[in-house]
Amino acid sequence: MSRGASYPPEMRERAVRLVAESRDDHESEWAAISSVTAKLGIGSTETVRKWVRRAEVELAALESGYARRLHEARTAVEDAVDTFDAEV
């Protein structure tokens, strides 16, 4: 694809997944990214590197949100237990 071309989301997801799966098979993350870029016929290794970084940020945000909700749920359960114990 030419400069400025957009790739379908499925291609991006596949590239990110393949990089994650092949990191241990290469001496560096850059080598894994370069390999995936070539295998998928993507024009720029930097493009795939950016996709990988974006995916890492999105995952961190999801995990952060999950951790916050888990903390809120635990706090609510603890409050309910304290209320129950106080009534008994």
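Q: Which residues line the second largest pocket, and which helix gives the most to this lining?
A: In this predicted model, the lining of the second largest pocket consists of Pro9, Arg12, Glu13, Val16, Arg17, Ala20, Trp51, Arg54, Ala55 and Glu58. With six residues, the helix that gives the most is H1.

Q: How many residues in the lining of the second largest pocket are nonpolar, polar and charged?
A: The lining includes Val16 and Ala55 as well as Arg12 and Glu58. Sorted by class, the lining residues come to five nonpolar, no polar and five charged.

Q: What space lies in the second largest pocket?
A: The pocket is lined by residues that include Pro9 and Trp51. The space in this second largest pocket is about 200 Å³.

Q: At what angle do helix H1 and helix H3 pack?
A: Two packed helices are described by the angle between their axes and the distance between the axes. For H1 (residues 9-22) and H3 (residues 45-87), the axes are 9 Å apart and the angle is about 85°.

Q: Which residues of H3 are met by residues of H1?
A: From H1, the contact involves Met11, Arg12, Ala15, Val16 and Val19. The residues of this contact divide into eight nonpolar, no polar and one charged. On the side of H3, the residues met are Val48, Trp51, Val52 and Ala55.

Q: Which parts does the aromatic pair of tyrosine 7 and tryptophan 51 tie together?
A: The structure holds one aromatic pair. Tyrosine 7 and tryptophan 51 form this pair edge-to-face, at 5.4 Å centre to centre and with 80° between the planes. Because the two residues belong to parts 44 residues apart in sequence, the pair ties together the segment before H1 and helix H3.

Terms used. Residues are numbered from 1 along each chain as its sequence is written. This is a predicted model: local features need pLDDT of at least 70, side-chain atom pairs count only at pLDDT 80 or more; totals for chains, interfaces and linings use all residues. Side-chain values use heavy atoms; hydrogens and water are left out. Axes are lines fitted to C-alpha atoms, for helices over the stretch in contact, and angles run from 0 to 180 degrees between N-to-C directions. Helices (H or I, at least four residues) and strands (E, at least two) are DSSP runs, numbered from the N terminus. Contact means heavy atoms within 4.5 Å. Ala, Val, Leu, Ile, Met, Phe, Trp, Tyr, Cys and Pro count as nonpolar, Asp, Glu, Lys and Arg as charged, and the others, Gly among them, as polar. On a 1 Å grid over the protein atoms alone, a cavity is a set of points where a 1.4 Å probe fits but cannot get out, and a pocket is an open set with protein on both sides within 12 Å along at least five of seven lines; lining residues have an atom within 4 Å of a point. Grid points are joined across faces, edges and corners, and a volume is the space filled by probe spheres set on the points. Rings of Phe, Tyr and Trp (its six-membered ring) pair if their centres lie within 6.5 Å; planes under 30 degrees apart count as stacked, over 60 as edge-to-face and the rest as tilted.
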